[in-house]
Amino acid sequence: MESTRKELIQLLNNVEGHISGQELSGQLGISRTAVWKHMNELKKDGYEIEAVQRKGYKILSSPDKISENTLRWGLDTKWIGHELHHYDQVESTQEIVHQLAKQGKPHGTVVIADEQVKGKGRMSRNWDSPKGKGIWMSVLLRPNLPPVQAPQITLLAATVLARMIAERSALAPQIKWPNDLLINHKKVSGILTEMQAEQDTIQYIVLGMGMNVNQEDREIPADIKYKASSLKIESRQHWNIQQTVQHILRLFEETYERFEAHGFSSIKKDWEHFGYKIGEEVTISTMKKTWQATLVGIEPDGALRAKSKDGEEEKLYSAEIHW
Ligand code: BT5
């Protein structure tokens with residue numbers, strides 16, 4: 001039953017126009033009545049299906065609840081998401097991609113979950129990932145880069161997420177170096193880049209992207225309410241998760257190819273367009289010290305340039321910015 005249904009969705013997804021009940025029944029090896037029953041089940045699940053006499057069936061839109069099928073439907077990418085795994089609940093999508101990487105899965109493999117019960121931030125921090133409310137997704141990348149350039153992938157992903165939001169809404173996303181995406185000064189998204197490297201080559205990268213999408217105000221945990229928000233809270237609109245994910249994947253592929261062909265300097269402009277507090281004074285802390293400085297911008301290699309009060313400029317590769 002479940003596998004027939006999967007196949008049915010695949011068949012519907014694979015055609016441009018309509019597909020007749022007869023053809024579906026032939027391909028699936030079930031009766032036309034059974035096809036019709038499956039269609040009704042799909043409608044109950046939120047698929048909008050058009051049935052036209054003498055032409056057949058066509059999916060017009062898929063439900064908000066994502067699945068491998070709904071995510072693949074209409075995803076016209078070259079390599080990202082061709083291998084795609086969706087789970088209802090996981091501990092962390094990062095861990096699953098690490099396992100897939102070790103099994104030799106290809107560059108561009110995507111793992112996405114409705115809910116994470118042990119979502120990870122940086123430095124073993126927690127990432128709140130409530131069921132069906134956001135995008136909790138990790139991508140396997142196998143870049144041909146030296147390990148020192150891995151942090152550029154974080155910056156690249158941040159520009160992709162910012163562009164997606166700017167293209168789909170009137171919101172003004174900003175990137176807080178290195179891995180936060182803010183709207184109206186509140187974090188809506190965080191990126192976690194984990195790398196497996198050997199001496200001077202990257203074996204693989206697991207790029208985790210977490211985005212708060214449809215949480216209501218009351219669904220943001222009390223302890224982070226002052227600094228966290230969601231796309232819905234900021235835009236006062238519900239966002240379709242399937243379309244939002246597909247938009248991210250398309251933009252990511254395009255941006256990543258630009259990065260491969262022309263290097264990080266081709267991403268720098270995008271980044272600076274969305275850069276948060278550039279030209280402003282902030283507090284910076286590293287493992288060694290905490291100090292006040294003005295953010296000058298980023299370097300062609302993605303490092304943050306900050307100028308302290310005595311005029312001294314520093315290039316930072318890892319630090320926390322406070323404001
Ligand atoms: C991050 O860490 O911002 C990286 C988040 C990466 C999450 C993705 S989801 C898919 C993949 N699978 C995973 O398990 N992780 C990745 P960091 O900069 O360390 O920020 C963590 C801090 O943000 C926490 O200590 C909280 O203060 C705050 N926080 C936790 N959950 C949040 C949320 N949903 N929205 C906004 N802020 C949050």
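## The ligand shell

The shell around the ligand is made up of nine nonpolar, 14 polar and six charged residues; here Ala, Val, Leu, Ile, Met, Phe, Trp, Tyr, Cys and Pro count as nonpolar, Asp, Glu, Lys and Arg as charged, and the others, Gly among them, as polar. This is a predicted model, in which local features need pLDDT of at least 70 and side-chain atom pairs count only at pLDDT 80 or more, while totals for chains, interfaces and linings use all residues. Residues are numbered from 1 along each chain as its sequence is written.

In total, 29 residues surround the ligand, and the closest are Ser-92, Gly-121, Gly-190, Gly-208 and Gly-210 (near means a C-beta atom, placed from the backbone, within 6 Å). Two or more shell residues come from each of α5 (93-102), β5 (134-141), β8 (186-198) and β9 (201-212). These elements are DSSP runs numbered from the N terminus: helices are H or I with at least four residues, strands E with at least two.

## The sheet

Let's follow the strands across. Seven of them form an open, mixed sheet in the order β3-β4-β5-β9-β8-β7-β6, where pairing requires at least two DSSP bridges between two strands. β3 (84-90) and β6 are the edge strands with a single partner each, so one side of each has no neighbour in the sheet. From one strand to the next, the twist averages 20°.

β3 pairs with β4 (residues 110-116) in the parallel sense over six bridges, and Tyr-87 stands opposite Ala-113 in β4. β8 and β9 are antiparallel, with ten bridges; Leu-192 has Gly-208 in β9 as its bridge partner. Two residues separate these strands in their hairpin, where Gln-199 takes a positive phi near 45°.

β7 (residues 180-183) also pairs with β8 in the antiparallel sense, over four bridges. Their hairpin has two residues between the strands, and Asn-184 in the turn has a positive phi of about 50°.

## Helix α9

Which residues of α9 (residues 265-274) are buried? They are Ile-267, Lys-268, Trp-271 and Phe-274, buried meaning 20 or more other C-beta atoms within 10 Å of a residue's own, exposed 12 or fewer, and partly exposed in between, with C-beta atoms placed from the backbone. Viewed down the axis of α9, they fall within an arc of 130°, so they line one face of the helix; the arc is that of the directions from the helix axis to the C-beta atoms. Ser-265 and Lys-269, on the other side of α9, are exposed.

Definitions and conventions:
Axes fitted to C-alpha atoms, helices over the stretch in contact; angles between N-to-C directions.
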